[in-house]
Structure formats: structure tokens, C-alpha cells
Amino acid sequence: ENDTAPQETEDEKNEGDEINNAEETTRKKRKRKRKKKETTVTASKDDASAENSLSSAQDSEVYIEGIPFDCTEEDVKIFFVSNGCQDVTQIRLPKWQDSGRLRGYGHVAFSTSASQQKALALSGEYIRNRYVTIQIPKARNDVAVNQAPPAQPPKCRTIFVKNLPYEITEEDLEDAFRSYGKIAKGGVRLALNSTTNLPKGFGYVEFKATEGAFEAVTRAFSKGLFMKGRKLVVDYEEKPMKGSFRSKEGKLWKSEFPKRVGKY
């Protein structure tokens, strides 16, 4: 006697296919959900890492005052390095515009918080014949970002930039803003001291199109713009260019670009 296995009916076969399809769909949904969750976790870790990096950079900086006016940045660096703070990453010491000498205070950044603590312990020590005070920098209220930019005046193509490093050139300023739009020929102007011919810490950038000015101001207010550790203050320039403005070579700007004086 031969046993014959019961044949699977068409309805049973279709039902089985439907179950398999449902299970496959469920597996795919779970896989997509896991992938989305992993991506979210990775993004959160990246954001946290960025915030920790920024926090670490701020936590490894000191403010120093009492520096002898005839010192140089190298002298200040040697002071810290010789006292065990060998990982100096940045030194920002303001200078007098007329003489170029140090103003006696500034900020020094290190790559580790351990060096910051060593530096703080040096407060009261002497650099040459002056004792220096070293402390944790005050919170920077001027580095806020994500602010709403001001409304752009009609046809305005020029921006005003201040808090510039005193040692930069017009070429440096142009390089910093060329990514926001094409800059007009002779459109980068640094204000210079009439006696020393040294930069006064502010200037102007004129773009060929209004979009360039808009992009630069919007970026400054939303993300912040920096040059050599200094946060730039950027705004639209509504006033026409003064005809008495001189280039770094001493030439009158109105004689170089007569058609653009008094215009944006």
C-alpha cells in the first residue's frame, strides 16, 4: 500500500505566499527603523562631539594682563613654555595702532586643560620687571550666532567690517569674503591711520552684485565670521564712499575709481 501526500490546493498556496510577503514587509520595515535609529544616534554623537570640542577649546584658554609693553608674542610664548605649558596653540595680544607695541593684555590658548591649569598657577609671576595676572577668560557675549540679520537696503552691494586683526592686508580681507560673491575691482578698502599708515581695524568690501553683500551679512549673523581668532562685526554699508579715502599706496580712491565715489 503506497501512502500519497496530500496535494497543496491553490488557495493554500496563495495564502502561504501572502504570509511570506507580509513577513518580508515587516522585516524590511524593522530594518529601516533600525537604520534610521542608528543614523539618529550617530548624528547625535557627532553633534555632542562638536559641542565637546568647542567647549574644550574654550576651557583651555587664559586671559593675561600686566605684560610689559615692549614684549613680543614670542616673549609671552617663551614665558608659558618655560613654565611647563608647552602646548600653546594661539596667542592673541592687542597692539597700539600708532606704535605697534603690545597693550599689555590678551588671551593665550592651549591644546589641553592641564596646561590651562598650569598657566593659571603662574598668576603673580614676573615677565621681566612686571608681574602678570592670569585668570579664566570671561564668557564671550559677542560670539552669539543664529541672530536675524538686518534688512538689506535697496541696491546695497557694500558691507562694513570691523574688529579686524590689525596685521591683515586688503588681500587677506578679499580672500575672506570672495566665497560669498564676486568682489568689485578695488572694492576692498582698509581704513588706515593717517600718521602711521597702519590699519585701524575696520574696512569695507564692495561686491559686484547685491547677492554677495546679502550672503556675507547673513553668514556673519547666522554662523559667525572669524579672522585669526577674532569675530568680525559685519553689516551693510549705506553711506557712499568718501572721496578723501586713500589706498595703502597713498592714492586717492576717487582718482582711481572716480565713477564709483558716492555710489554703492
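Predicted model: local features only at pLDDT ≥ 70, side-chain atom pairs only at ≥ 80, totals over all residues.
## Salt bridges and an antiparallel sheet

Aspartate 75 forms a salt bridge with arginine 128, with the closest N and O atoms 3.1 Å apart. Arginine 128 lies in the loop between S4 and S5, whereas aspartate 75 belongs to helix H2, so the pair ties together parts that are 53 residues apart in sequence. Arginine 128 also forms a salt bridge with aspartate 70, and Asp70, Asp75 and Arg128 are accordingly linked in a network of salt bridges. Aspartate 70 sits in the loop between strand S1 (61–65) and helix H2 (73–81), while arginine 128 sits in the loop between strand S4 (126–127) and strand S5 (130–131), so this second pair connects parts that are 58 residues apart in sequence. Arginine 128 is partly exposed at 49% relative accessibility, and aspartate 70 is partly exposed at 47%.

The count of salt bridges comes to seven, and the table lists some of them.

| Aspartate 70 | Arginine 128 | 3.1 Å |

An open sheet of four strands has the order S8-S9-S7-S12, with antiparallel pairing. Its edge strands are S8 (183–192) and S12, each of which pairs on one side only, and the twist from one strand to the next averages 20°. Helix H4 (residues 170–177) packs on this sheet, touching S7, S8, S9 and S12, and its direction makes about 130° with that of S8. Helix H5 (residues 210–222) also packs on the sheet, where it touches S7, S9 and S12, its direction making about 140° with that of S12.

Within the sheet, S7 is joined to strand S9 (residues 199–207) by five bridges in the antiparallel sense, and threonine 158 has glutamate 206 in S9 as its bridge partner. Strand S7 (residues 158–162) pairs with S12 over four bridges, again antiparallel, and phenylalanine 160 has aspartate 235 in S12 as its bridge partner. In a regular strand, side chains alternate between the two faces of the sheet. Strand S12 (residues 233–236) has Val234 and Tyr236 on a covered face, and Val233 and Asp235 on an uncovered one.

How values were computed. Residues numbered from 1 in each chain as written. Heavy atoms only, no water. Buried < 20%, exposed > 50% of the residue type's maximum accessible area, 1.4 Å probe, protein only. Helix = DSSP H or I, 4+ residues; strand = E, 2+ residues; numbered from the N terminus. Pairing = 2+ DSSP bridges. Axes fitted to C-alpha atoms, helices over the stretch in contact; angles between N-to-C directions. Contact = heavy atoms within 4.5 Å. Salt bridge = Lys/Arg side-chain N within 4 Å of Asp/Glu carboxyl O.
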